[in-house]
Amino acid sequence: MSGNVELLNDTLAAAKSEGRAALIAYLPAGFPTVDGGIAAIKAALDGGADVVEVGLPHSDPVLDGPVIQTADDIALRGGLKIADVMRTVREAHEATGKPILVMTYWNPIDRYGVERFTAELAEAGGAGCILPDLPVQESALWREHADKHGLATVFVVAPSSKDARLAEITAAGSGFVYAASLMGVTGTRESVGAQAEDLVRRTRATTSTPVCVGLGVSNAAQAAEVARFADGVIVGSAFVKRMLDAPDDAAGVEGVRALAADLAKGVRGQA
């Protein structure tokens with residue numbers, strides 16, 4: 001079975017044809033439970049997210065700030081397995097028909113087996129993977145199997161990336177380019193800043209692949225700001241915080257749905 005890279009491409013193209021950025025939500029699998037995580041992801045998509053990144057919780061998340069680390073810890077202590085991540089992808093995609101990616105560090109895939117991981121992700125209806133710590137020059141094996149199974153390979157670029165490095169990264173990736181808006185880890189910020197706009201401009205000079213911005217966006221006004229210059233707006237910590245701060249899981253799911261609806265207005269310039 002082939003994965004859903006084309007669904008991802010079509011979804012991003014449809015948003016562009018509407019004259020807006022896509023809204024991409026991030027939530028970790030297994031948080032607060034496997035079933036609770038699936039419910040939250042469905043709520044984000046029902047609320048207005050175009051795409052979801054399902055986080056594969058990891059014990060040493062170098063890109064993730066304290067909010068996502070807390071959620072990852074809850075998921076791992078709950079005994080989350082890669083099979084649960086695949087189930088999350090499958091149920092979210094089947095319920096909504098929208099593209100679902102997995103965001104993961106390389107070590108869990110390496111231990112699980114690249115062929116096994118890509119085959120199972122495609123079979124679950126996944127659209128691809130975001131791999132923040134896999135160097136492009138070491139990615140040939142992953143890309144071979146991802147291409148074979150119809151999965152996107154999304155790499156992360158940062159404001160520190162030189163132009164030649166950007167060209168190398170964008171030539172190897174597919175689906176979209178994840179532009180980290182600032183140096184540092186994930187988390188909500190008061191301002192997303194001019195660094196992101198400059199990074200998008202420099203990245204676009206190397207590729208026609210959509211460039212989506214993450215790290216720091218937490219409300220509709222910030223989403224609208226980023227949507228002016230990016231093809232997609234990625235929001236993670238703000239969704240996770242809604243779940244963490246809620247008095248119970250049901251309230252957390254409704255908080256996620258409401259935030260997605262608010263951010264969806266932002267990317268459409270309606271905030």
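In which helix does V89 lie?

Modeller: V89 lies in helix α4, residues 82-96. First, the ground rules. This is a predicted model, so local features need pLDDT of at least 70, side-chain atom pairs count only at pLDDT 80 or more, and totals for chains, interfaces and linings use all residues. Residues are numbered from 1 along each chain as its sequence is written, and side-chain values use heavy atoms, with hydrogens and water left out. Helices (H or I, at least four residues) and strands (E, at least two) are DSSP runs, numbered from the N terminus.

Now V89 itself. Its relative accessible area is 0%, so V89 is buried. Buried means under 20% relative accessible area, exposed means over 50%, and partly exposed lies in between, with a 1.4 Å probe and protein chains only. What does V89 touch, leaving aside its neighbours within four places in sequence? V54, I100, V102, L121, A124, G125 and G126 are in contact with V89. Contact means heavy atoms within 4.5 Å. V52 is 37 residues from V89 in sequence, but the C-alpha to C-alpha distance is 9.2 Å.

Next, the aromatic residues. A pair of aromatic rings is described by the distance of the centres and the angle of the planes. Rings of Phe, Tyr and Trp (its six-membered ring) pair if their centres lie within 6.5 Å; planes under 30 degrees apart count as stacked, over 60 as edge-to-face and the rest as tilted. The count by this rule is three aromatic pairs. One of them joins W106 and W142: the centres are 6.2 Å apart and the planes stand at 90°, so the pair is edge-to-face. W106 belongs to helix α5 (residues 106-112) and W142 to helix α7 (residues 140-148), so this pair ties together parts that are 36 residues apart in sequence. Both W106 and W142 are buried. Y112 and F117 make another pair, with centres 6.2 Å apart and planes at 85°, so it too is edge-to-face. Y112 and F117 are both buried. Ring pairs join W106, Y112, F117 and W142 into a cluster.

Then the sheet. It is open, has nine strands and pairs in parallel, in the order β5-β4-β3-β2-β1-β9-β8-β7-β6. Two strands pair if DSSP finds at least two bridges between them. Strands β5 (152-154) and β6 (156-157) form the edges, each pairing on one side only. Helix α12 packs on this sheet, touching β1 (22-28) and β9 (232-235), and its direction makes about 155° with that of β1. Axes are lines fitted to C-alpha atoms, for helices over the stretch in contact, and angles run from 0 to 180 degrees between N-to-C directions.

Strand β4 (residues 128-130) pairs with β5 in the parallel sense over three bridges. G128 faces A152 of β5 there. Strand β7 (residues 177-180) runs parallel to β8, joined by four bridges. A180 stands opposite G214 in β8. On to β9: it pairs in parallel with β8 over two bridges, with C212 opposite G232. Which way do the residues of β8 (residues 211-214) point? V211 and V213 point one way, C212 and G214 the other, and all are buried.

T203 sits in helix α9, residues 194-204. Its relative accessibility is 0%, so T203 counts as buried. Beyond its neighbours within four places in sequence, T203 contacts V157, L166, T170, V177 and V211.

Two of those, L166 and T170, come from helix α8 in its contact with α9, which D163, L166 and T170 of α8 make with L199, R202 and T203 of α9. The axes of α8 (residues 163-172) and α9 come within 9 Å and cross at roughly 65°. That crossing is right-handed. A crossing is left-handed if the near helix is turned anticlockwise from the far one by less than a right angle, and right-handed if clockwise.

Last, helix α10 (residues 220-227) and helix α12 (residues 249-267). Their axes come within 7 Å and cross at roughly 35°. The crossing of α10 past α12 is right-handed. A220, A223, A224 and A227 of α10 meet D262, L263, G266 and V267 of α12. The residues of this contact divide into six nonpolar, one polar and one charged. Here Ala, Val, Leu, Ile, Met, Phe, Trp, Tyr, Cys and Pro count as nonpolar, Asp, Glu, Lys and Arg as charged, and the others, Gly among them, as polar.
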